[in-house]
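These are my notebook entries on one protein model. I record what I looked up, entry by entry.

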Amino acid sequence: MSEYKLHCFAQSGNSYKAALMLNLIGADWEPVGVDFFAGETRSPEFRGTINEMGEAPVLEHKGKRLSQSGVILTYLSRLSGKFKAQSEDDELEVLRWILFDNHKVTNFMATHRFMHSLMKGANPAVVEFLRGRALSNLKIVDGHLAKQDWLVGKAPTIADISVAGYIYYPAEEHGFDIEKDFPAVHAWRERIKALPGWKHPYDLMPQPKTAPQK
Ligand SMILES: N[C@@H](CCC(=O)N[C@@H](CS)C(=O)NCC(=O)O)C(=O)O
């Protein structure tokens, strides 16, 4: 039996943050597939036994069950000593970027991608609004990364892993030309890709039993 179990599914960039971290630190882990498109995260069973918040990822380790990718990343970084901030000030910076990621970068990129390419019948005005929000937040990240190689300090941290959750999915899914419109984000995602243990989300996590509707 593996040391860590991660409840996740291939299309989930939030799950990817945790899966990628597990792979980058060389952890002994296995995925437990979540049938998201069949509504598993909304089921009473999932909410009652796996995560009351109704979300993937969920990490199981030594009797603990953790959700929220930022919490999982922090936990794995503490245990492994890897991808940590190098000072107390940088620790706050890491937290600042993880919160910004959850609220602004991932939130809008993921919701836009879902409505743009993974569900049927989305309202075009809503999709356009989400696209604008995602673009303006990516621009902020691009501006920061034009000045430095990593989001915080001089080495990769869990802040980078968090913000990178959705940037490796195919362009036709998220709808952005990252290489052309966000060159600093593109160069940074190539740096992350070069880290030992990096894998694409579709090679790291299981496809749900039920396919997206679109
Ligand atoms: N802030 C959470 C977000 C998790 C999240 O939204 N997960 C999505 C999949 S990417 C989910 O499970 N959504 C379930 C639902 O909306 O029913 C995290 O970082 O873990």
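I began with the burial criterion: a residue is buried if 20 or more other C-beta atoms lie within 10 Å of its own, exposed if 12 or fewer, and partly exposed in between, with C-beta atoms placed from the backbone. Helices (H or I, at least four residues) and strands (E, at least two) are DSSP runs, numbered from the N terminus.

**Entry 1. Model and confidence**

I note that this is a predicted model, in which local features need pLDDT of at least 70 and side-chain atom pairs count only at pLDDT 80 or more, while totals for chains, interfaces and linings use all residues. Residues are numbered from 1 along each chain as its sequence is written. I looked up pLDDT, the predictor's confidence in each residue, from 0 to 100. The protein averages 98, and 100% of the residues score at least 70.

**Entry 2. Helix H3**

I took the expected span of a helix as 1.5 Å times one less than its number of residues. H3 has twelve residues, and its first and last C-alpha atoms lie 16 Å apart, close to the expected 16 Å. The buried residues of H3 are Ser69, Gly70, Ile72, Leu73, Thr74 and Leu76. For contacts I used C-beta atoms, placed from the backbone, within 7 Å of each other. The cover over the buried residues of H3 includes H1, strand S3 (58-61), strand S4 (64-67), H4 and H6. Just after H3, Gly81 has a positive phi of about 75 degrees.

**Entry 3. Helix H1**

I made the same length check on H1 (residues 13-24): its twelve residues should span 16 Å at 1.5 Å a residue, and the end C-alpha atoms are 16 Å apart, which agrees. How many of the twelve residues of H1 are buried? I counted eleven as buried, so the helix is mostly covered. Among them are Gly13, Asn14, Tyr16, Lys17 and Ala19. Gly26 follows H1 and has a positive phi, near 70 degrees.

I then examined Ala19, which is found in H1. Ala19 counts as buried because it has 26 C-beta neighbours inside 10 Å. Setting aside residues up to four places away in sequence, Ala19 touches Leu6, Cys8, Pro31, Leu204 and Met205. The C-alpha atoms of Ala19 and Lys199 are separated by 9.2 Å, although the two residues are 180 apart along the chain.

For classes, Ala, Val, Leu, Ile, Met, Phe, Trp, Tyr, Cys and Pro count as nonpolar, Asp, Glu, Lys and Arg as charged, and the others, Gly among them, as polar.

**Entry 4. Domains**

I read the domain bounds, which come from an automatic or database domain assignment. The protein is divided into domain 1 (4-82 + 198-204) and domain 2 (88-193). Their centres, taken over C-alpha atoms, are 19 Å apart. I found 15 residues of domain 1 in contact with 14 residues of domain 2. On the side of domain 1 that touches domain 2, H1 and H3 are the elements that give two or more residues. H1 provides the largest share of that side, six residues. By class, that side has six nonpolar, eight polar and one charged residues.

**Entry 5. Backbone exceptions**

Most residues other than glycine have a negative phi, and most peptide bonds are trans. I listed the departures below.

- The peptide bond from Ala56 to Pro57 is cis, with omega near 10 degrees; Pro57 lies in the loop between helix H2 (44-49) and S3.
- Lys62, not a glycine, has a positive phi of about 45 degrees and lies in the loop between S3 and S4. Lys62 counts as exposed because it has 7 C-beta neighbours inside 10 Å.
- Phe83 has a positive phi near 60 degrees and lies in the loop between H3 and H4. Phe83 counts as buried, with 21 C-beta neighbours inside 10 Å.

Terms used. Contact = placed C-beta atoms within 7 Å.
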